[in-house]
Structures are given as structure tokens and as C-alpha cells.
Amino acid sequence: MQLSPDFVQPPNLAGPGPVVLLLGCSTALADVPFLNFVREFKEAGAAIVLGTLATVHGTLATRFARSLLAKIKTKGTGRAFDEILLEVKREMLADGDPFLLSLAAYGHSSWRIQA
């Protein structure tokens with residue numbers, strides 16, 4: 001592993017690891033070991049990692065990240081992360097953003113968001 005757990009996990013190791021958004025160009029290629037950044041972050045302690053299976057334009061990645069964070073902030077408490085993710089993906093797909101079909105969550109995505 002090339003990624004240090006110190007970079008990913010909080011210093012006191014209390015609670016779950018972070019949610020990592022890898023919204024770039026094919027960040028979840030399981031068949032190419034040196035390109036599988038999802039595995040690196042999972043092994044370093046991330047609770048949930050979102051990776052892409054295709055090239056993603058920066059403006060789309062930014063729009064997705066903003067939408068996801070806004071939904072977590074306004075309607076996230078007590079809901080599972082994967083429910084929120086699905087809601088954001090549905091809304092953005094309805095608006096014509098097909099890149100979301102290449103987005104996959106790995107890890108404990110059923111964990112509930114706490115305030």
C-alpha cells in the first residue's frame with residue numbers, strides 16, 4: 001500500500017473513517033492495480049469511497065459534490081449515506097447528467113449520517 005493511514009484516518013481513531021470522493025478519470029479500475037485508488041483509500045481506513053469507472057469532466061464532478069453535500073447538510077441526519085447518494089444520482093440523471101452511471105460507492109455506504 002502506498003497511501004499512509006495517517007493521511008486518511010483521524011488522529012484519535014474514534015468513529016468511522018472519512019467518506020472519500022474520487023471524482024476523476026476512472027479511479028475505480030479494479031483490473032489495473034496501480035490505478036485502483038479506491039482500494040488504497042479503503043485499506044487506509046476510509047469508511048466509504050466513491051469512485052468513477054469512466055472519465056468525468058470537472059464541472060460535472062463539482063456539481064455532483066455540491067449536490068451531495070447540500071443534500072447531506074439539509075436532509076441527511078438519520079438517513080443512510082446510500083439513500084442520500086441514490087437521491088442525488090436520480091435528481092442529476094433526471095437533469096441529463098449521465099456520468100452518474102459510472103459512479104460507484106464502496107465500503108459501508110449503509111451507515112447513517114449523524115449531526
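My entries on helix packing and salt bridges follow.

**Ground rules.** I am reading a predicted model, where local features need pLDDT of at least 70, side-chain atom pairs count only at pLDDT 80 or more, and totals for chains, interfaces and linings use all residues. Residues are numbered from 1 along each chain as its sequence is written, and side-chain values use heavy atoms, with hydrogens and water left out.

**Entry 1: the helix pair.** I looked up how α3 and α4 pack. Helix α3 covers residues 58-75 and helix α4 covers residues 81-94. (Helices are DSSP runs of H or I, at least four residues, numbered from the N terminus.) Their axes lie 10 Å apart, at an angle of about 130 degrees. (Axes are lines fitted to C-alpha atoms over the stretch in contact, and angles run from 0 to 180 degrees between N-to-C directions.) That angle makes α3 oblique to α4. (Under 35 degrees counts as roughly parallel, over 145 as roughly antiparallel, 65 to 115 as roughly perpendicular, and the rest as oblique.)

**Entry 2: the contact.** Which residues of α3 and α4 make the contact? From α3 I noted Leu60, Arg63, Phe64, Ser67, Leu68, Lys71, Ile72 and Lys75. From α4 I noted Phe81, Ile84, Leu85, Glu87, Val88, Glu91 and Met92. (Contact means heavy atoms within 4.5 Å.)

**Entry 3: salt bridges.** I counted seven salt bridges. (The rule is a side-chain nitrogen of Lys or Arg within 4 Å of a carboxyl oxygen of Asp or Glu.) One of them joins Lys71 to Glu87, with the closest N and O atoms 2.9 Å apart. This pair links distant parts of the chain, with Lys71 in α3 and Glu87 in α4, 16 residues apart. Is Lys71 buried or exposed? Lys71 is buried, at 10% relative accessible area. Glu87 is partly exposed, at 22%. (Buried means under 20%, exposed over 50%, partly exposed in between, with a 1.4 Å probe and protein chains only.) Salt bridges that share partners join Lys71, Arg79, Glu83, Glu87 and Glu91 into one network.

**Entry 4: Arg39.** I then turned to Arg39, which is partly exposed at 32% relative accessibility. Arg39 forms a salt bridge with Glu40, the closest N and O atoms being 3.6 Å apart. Glu40 is buried, at 13%. Arg39 also meets Glu43 in a salt bridge, 3.6 Å from N to O. Arg39 and Glu43 are four residues apart in helix α2, so about one helical turn separates them. Glu43 is partly exposed, at 47%.

Methods
Helices (H or I, at least four residues) and strands (E, at least two) are DSSP runs, numbered from the N terminus.
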